[in-house]
Amino acid sequence: MSTLKVNNIEEATSGGGKIFLCRAWCNWKGTGTLTVRGDGNVSSVTDMGVGRYRVNYSNNFSSSSTYTAVSTAGANLSDYPSQSDSDDHNSFQGNKTTSNVPVFSVDHDDGVQDDAFNMDLICVGDE
């Protein structure tokens, strides 16, 4: 397998914009024993307590102003309306650093922090 190393990627069309790639991603199970299912540029996910996680990067970002998105879902991924009360969550991120990002999972109904079965994170940028 070959490695392609470039500083910038742009669209081939005239005036084409710069292309930004995913610089880190992770999917983990936050209920019971925290289990990372898959990741890229993530060294670990730390369980910080009920509904609180910290995603640690393998390679630090040059700036903490990268775009980060998080999402969460319950165990019944095929039928969201039938989720039990413990499986409907909202997620959000805390203050990012160049080395990690805190992520929170909150029960949709009562706003209380709660562990989620399915957590996802992507980070784009690093300009």
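Me: How many aromatic pairs does the structure hold?
Reply: This predicted model holds 2 aromatic pairs; rings of Phe, Tyr and Trp (its six-membered ring) pair if their centres lie within 6.5 Å, and planes under 30 degrees apart count as stacked, over 60 as edge-to-face and the rest as tilted. Trp28 and Tyr53 form an edge-to-face pair, with 5.6 Å centre to centre and 70° between the planes.

Me: Which parts does that pair tie together?
Reply: Trp28 lies in strand β1 and Tyr53 in strand β4 (residues 52-57), so the pair ties together parts that are 25 residues apart in sequence. Strands here (E, at least two residues) and helices (H or I, at least four) are DSSP runs, numbered from the N terminus.

Me: Is Trp28 buried or exposed? What about Tyr53?
Reply: Trp28 has a relative accessible area of 0%, so Trp28 is buried. Tyr53 also counts as buried, at 1% relative accessibility. Buried means under 20% relative accessible area, exposed over 50% and partly exposed in between (1.4 Å probe, protein chains only).

Me: And what do Tyr57 and Phe61 form?
Reply: Tyr57 and Phe61 form an aromatic pair that is edge-to-face, 4.5 Å centre to centre with 65° between the planes. Both Tyr57 and Phe61 are buried.

Me: Where does the charged end of Arg37 sit?
Reply: The charged end of Arg37 sits over the ring of Phe117, 4.7 Å from the ring centre. The criterion is that NZ of Lys or CZ of Arg is within 6 Å of the ring centre and within 35 degrees of the ring normal.

Me: What share of the contacts joins residues at least 24 apart?
Reply: Among contacts between residues at least 6 apart in sequence, 52% join residues at least 24 apart. Contact means heavy atoms within 4.5 Å.

Me: Which residues is Thr68 in contact with?
Reply: Leaving aside neighbours within four places in sequence, Thr68 is in contact with Gln93, Lys96, Val101, Leu121, Ile122 and Cys123. Thr68 lies in strand β5 (residues 67-73) and counts as buried at 8% relative accessibility.

Me: Where does Asn41 lie, and what is its phi near?
Reply: Asn41 lies in the loop between β2 (35-40) and β3 (42-49). Its phi is near 60°, a positive value in a residue other than glycine. Asn41 counts as buried at 19% relative accessibility.

Me: Which residues form the nonpolar patch on the surface?
Reply: Leu4, Val6, Ile9, Ile19 and Leu21 form that patch, with about 470 Å² of accessible area together. Leu4 lies in the segment before β1 (22-29) and is exposed, with a relative accessible area of 75%. Like charges are joined within 9 Å, and nonpolar side chains (Val, Leu, Ile, Met, Phe, Trp, Tyr) within 5 Å. Accessible areas come from the Shrake-Rupley method with a 1.4 Å probe; for residues, only the protein chains shown count as cover.

Me: What are the ground rules for numbering and confidence?
Reply: Residues are numbered from 1 along each chain as its sequence is written, and side-chain values use heavy atoms, with hydrogens and water left out. In this predicted model, local features need pLDDT of at least 70 and side-chain atom pairs count only at pLDDT 80 or more, whereas totals for chains, interfaces and linings use all residues.

Definitions and conventions. Patch = residues over 30% accessible without salt bridge, like charges linked within 9 Å, V, L, I, M, F, W, Y side chains within 5 Å. Salt bridge = Lys/Arg side-chain N within 4 Å of Asp/Glu carboxyl O.
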